[in-house]
Amino acid sequence: MDLLPEETRRFVSAMVPDRDDTLREMEAHGEEIGFPTVGPEVGGFLRLVARMVEAERIFEFGSGFGYSAYWFAEALPEDGEIVLTEHDADELDDAREFLERGGYADRAVFEEGDALETVERHDGPFDVVLVDCHKDGYPDAFDAVREKVAEGGVVVADNAMESGIQDFETILEILEGGDPHDVDDQSRGIADYLLAVRDDPAFETVAIPLGEGIAVSFRT
């Protein structure tokens, strides 16, 4: 579904900051292999968030071939750290290669395997967390990292509204207090995550219709 009218989408796209050659190559690579990245509009927002909170440590639940991590890495200081997590070893190798090409690999920790197990091995605090893993795993991701988010830190969840495997109307009905029947695991995972961050007194959350929808939660 289109989250924004065509004219608004074009306006947002026109405001995307310049990307270096490596980022553009990553975008072309994603299109070629059919891998759904967050896209440049969300990527630019992620980099802005990291800069606004002066992030020094970032954790990603689901990194793919490193597209979002590359945007984040551009905002980190030289001694900063971003932890990438990915099940697919080949994609993680691609992430390492792209970040090396951009000169950011020294800020990255590449973790192959389950992100929920990985986050247990990393002490907080994290200044920014990106949740972009299996949709039914979003609530568990928040539970696992909640206490590791720094005060003044931010959690961003991608695919809060759309991903191609979840139902927008079902999620909206749940958020509005309904109780629909036969909810698929992906839609339930997104809805439960959004309810958790919306109702958590330690976080202030807004939904932004960029890309496929993101939920941005600030730890107060």
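Welcome to this structure: the lining of its largest pocket is made up of 10 nonpolar, 14 polar and 10 charged residues. Please keep in mind that what you see is a predicted model.

**The largest pocket**

- The largest pocket holds about 760 Å³ of space.
- Its lining counts 34 residues, and those nearest the centre of the pocket are G62, E86, D132, C133 and H134.
- Helix 4 (67–73), strand 2 (81–86) and helix 6 (115–120) are the elements that each give two or more residues to this lining.

**The second largest pocket**

- In the second largest pocket there is about 550 Å³ of space.
- This pocket has 25 lining residues, with V38, G39, P40, E41 and G211 nearest its centre.
- Two or more lining residues come from each of helix 1 (6–14), helix 2 (21–33) and helix 3 (39–52).
- Sorted by class, the lining of the second largest pocket has 10 nonpolar, six polar and nine charged residues.

**Helix 2 against helix 5**

- On the side of helix 2, the contact is made by T22, E25, M26 and H29, while helix 5 brings D94, F98, R101 and G102.
- The residues of this contact fall into two nonpolar, three polar and three charged.

**Helix 7 against helix 9**

- How far apart are the axes of helix 7 (residues 138–145) and helix 9 (residues 185–199)? They lie 7 Å apart, and the two helices pack at an angle of about 35°.
- Helix 7 uses Y138, P139 and F142 to meet G189, I190, D192, Y193, A196 and V197 of helix 9.
- The contact of helix 7 with helix 9 has seven nonpolar residues, along with one polar and one charged.

**Aromatic rings**

- Across the whole structure, a search turns up nine aromatic pairs.
- F59 belongs to strand 1 (residues 57–61) and F126 to strand 4 (residues 126–131), so the pair ties together parts that are 67 residues apart in sequence.

**Two spots in the backbone**

- Which residues are joined by a cis peptide bond? They are G124 and P125, with omega at about 0°.
- To find P125 in the structure, look at the loop between helix 6 and strand 4. Helix 6 is one of the elements lining the largest pocket, and strand 4 is the strand that holds F126.
- E54 is not a glycine, yet its phi is positive, at about 50°.
- You will find E54 in the loop between helix 3 and strand 1.

Terms used: Residues are numbered from 1 along each chain as its sequence is written. This is a predicted model: local features need pLDDT of at least 70, side-chain atom pairs count only at pLDDT 80 or more; totals for chains, interfaces and linings use all residues. Side-chain values use heavy atoms; hydrogens and water are left out. On a 1 Å grid over the protein atoms alone, a cavity is a set of points where a 1.4 Å probe fits but cannot get out, and a pocket is an open set with protein on both sides within 12 Å along at least five of seven lines; lining residues have an atom within 4 Å of a point. Grid points are joined across faces, edges and corners, and a volume is the space filled by probe spheres set on the points. Helices (H or I, at least four residues) and strands (E, at least two) are DSSP runs, numbered from the N terminus. Ala, Val, Leu, Ile, Met, Phe, Trp, Tyr, Cys and Pro count as nonpolar, Asp, Glu, Lys and Arg as charged, and the others, Gly among them, as polar. Contact means heavy atoms within 4.5 Å. Rings of Phe, Tyr and Trp (its six-membered ring) pair if their centres lie within 6.5 Å; planes under 30 degrees apart count as stacked, over 60 as edge-to-face and the rest as tilted. Axes are lines fitted to C-alpha atoms, for helices over the stretch in contact, and angles run from 0 to 180 degrees between N-to-C directions.
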